[in-house]
Amino acid sequence: MAGIALLELMLLLLVVGLLAWALGAGRSLPPPQSEQAQRLELALAEIRQQSQGLSHLHEPLKQVRQYGRDLRKLLPHLAELEHFLAKPGTEGPTRDRLLARYHELNQSFERGVEYLERLGAELVLVSDIEEPPALAELPLFLIELREVLHPPATARR
């Protein structure tokens, strides 16, 4: 009987430990990179598909595709930050700065992908002479991404 009780106690401790580990690990880390990259690729594929036959939008959509390629550049930066955040010795102010930078890059990536998804949906509704409303927002997204990819030296401290 004592052996069974000990075994049950060890099993219970194992379950509690795994649960605590899972909750602690998922708290500050993002969805896997492959999911983020796949979502971006799907949005760009939708834009490519919907833009066929819309020759009047050739130049603006060329800029949109470049924006998507620039968004991809955030993924290695996010992966690097995830790597350092996962290290057990990264604590205190350093971890806070890494986490803040991670959230800044991730937010910019998410906003960019949401924009591309919305633009792809708007392209479905565009006729031969119309322009999707989301194209008017492209300059703002380009500026935001440039600032995130190349922050001023004072912002890095």
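Biologist: Glu-122, buried or exposed?
Modeller: Glu-122 is buried, with a relative accessible area of 17%. Buried is under 20% relative accessible area, exposed is over 50% and partly exposed is in between, using a 1.4 Å probe and protein chains only.

Biologist: What kind of model is this?
Modeller: It is a predicted model, in which local features need pLDDT of at least 70 and side-chain atom pairs count only at pLDDT 80 or more, while totals for chains, interfaces and linings use all residues. Residues are numbered from 1 along each chain as its sequence is written, and side-chain values use heavy atoms, with hydrogens and water left out.

Biologist: Where is Glu-122 placed?
Modeller: Glu-122 lies in helix α5, residues 92-124. Helices are DSSP runs of H or I with at least four residues, strands are runs of E with at least two, and numbering goes from the N terminus.

Biologist: What does the side chain of Glu-122 reach?
Modeller: The backbone nitrogen of Ala-134, at 2.7 Å. Setting aside residues up to four places away in sequence, Glu-122 touches Pro-132, Pro-133 and Ala-134; contact means heavy atoms within 4.5 Å.

Biologist: And Asn-106, buried or exposed?
Modeller: Asn-106 is buried, at 15% relative accessible area. This residue is also found in helix α5.

Biologist: Which side chain does Asn-106 make a polar contact with?
Modeller: With that of Gln-36, at 2.8 Å. A polar contact is a pair of N or O atoms within 3.5 Å; within protein, one must be able to donate a hydrogen and the other to accept it, and residues adjacent in sequence count only if both atoms are side-chain atoms. Leaving out residues up to four places away in sequence, Asn-106 touches Gln-36 and Leu-78.

Biologist: At what angle do α4 and α5 pack?
Modeller: Helix α4 (residues 74-86) packs against α5 at about 150 degrees, with the axes 10 Å apart. Axes are lines fitted to C-alpha atoms, for helices over the stretch in contact, and angles run from 0 to 180 degrees between N-to-C directions. That makes α4 roughly antiparallel to α5, a label for angles over 145 degrees; under 35 is roughly parallel, 65 to 115 roughly perpendicular and the rest oblique.

Biologist: Which residues meet there?
Modeller: In α4 they include Leu-78, Leu-81 and Phe-84, and in α5 they include Leu-98, Tyr-102 and Asn-106.

Biologist: New topic: where is Lys-62 found?
Modeller: In helix α3, residues 58-72. Lys-62 is partly exposed, with a relative accessible area of 45%. Its C-alpha atom is separated by 9.8 Å from that of Arg-48, 14 residues apart along the chain.
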